[in-house]
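Q: I am new to this structure and would like to learn how to read it. Please take me through it one feature at a time.

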Amino acid sequence: MPINCVVGDGHRTQKNAPDLSFYKFPVDISVQRLWVRFVNNTRSDFVRSDYSRVCSAHFNHPRDFEESSLLKRSFGIAKARLLIKKTAVPSVKHPVPVNEAASAPPPPKKSRTAYQKRETERVS
Ligand SMILES: [Zn+2]
């Protein structure tokens with residue numbers, strides 16, 4: 001089952017936003033209720049299930065995150081999973097859209113073309 005964020009229209013999946021972390025709803029019922037209320041503010045038809053996840057874009061950075069996991073990220077471990085505090089409640093309804101084109105690595109086409117050109121010149 002693909003992991004996607006239940007906020008709004010399920011805008012993000014782990015596939016199209018690999019930098020985001022996805023969180024299960026908390027076990028603590030009082031915190032869980034606040035999560036459900038937040039999601040219900042963005043889509044009234046939402047009913048929580050065991051597969052429901054909220055992505056890290058809806059949390060207040062850095063307030064809602066565990067310091068140790070933020071540190072790992074700052075040390076360049078980009079793949080390190082950000083952990084939220086047990087009491088953290090999502091609050092950001094409309095996160096800044098991820099510009100997927102800008103975050104994608106530049107295509108290596110240019111350097112390869114230059115290399116091929118050099119090779120061609122050397123041969124002829
Ligand atoms: Zn989301």
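Predicted model: local features only at pLDDT ≥ 70, side-chain atom pairs only at ≥ 80, totals over all residues.

Q: Which residue just after α2 takes a positive phi?
A: Glycine 76 does, with a phi of about 95°. Residues are numbered from 1 along each chain as its sequence is written.

Q: How many helices and strands does the protein have, and in what order do the elements run?
A: The secondary structure comes to 4 helices and 2 strands. Read from the N terminus, the order is β-α-β-α-α-α.

Q: What share of the contacts join residues at least 24 apart?
A: Among contacts between residues at least 6 apart in sequence, the share is 59%.

Q: How many of the residues in α2 are buried?
A: A residue is buried if 20 or more other C-beta atoms lie within 10 Å of its own, exposed if 12 or fewer, and partly exposed in between, with C-beta atoms placed from the backbone. In α2 the count is 0 among its 8 residues, and the helix is hardly covered. Of the 124 residues of the protein, 15% count as buried.

Q: Which residues form the largest nonpolar core?
A: In soluble globular proteins, nonpolar side chains tend to be buried together. A nonpolar core is a set of buried Ala, Val, Leu, Ile, Met, Phe, Trp, Tyr and Cys residues joined through C-beta atoms within 7 Å. The largest one here has 11 residues: Cys5, Val6, Val7, Leu20, Tyr23, Phe25, Trp35, Val39, Val54, Cys55 and Ala57. The elements that give two or more residues to this core are α1 (29–42) and β2.

Q: Why does valine 27 count as exposed?
A: Valine 27 is exposed because 8 other C-beta atoms lie within 10 Å. Its place is in the loop between β1 (22–24) and α1. Valine 27 and lysine 86 are 59 residues apart in sequence and 9.3 Å apart in space, C-alpha to C-alpha.

Q: Is valine 36 exposed or partly exposed?
A: Valine 36, found in helix α1, is partly exposed, because it has 15 other C-beta atoms within 10 Å. The C-alpha atoms of valine 36 and valine 7, 29 residues apart along the chain, are separated by 9.8 Å.

Q: Which peptide bond is cis?
A: The one from histidine 61 to proline 62 is cis, with omega near 5°. Proline 62 is in the loop between β2 (53–55) and α2 (67–74).

Note on methods. Contact = placed C-beta atoms within 7 Å.
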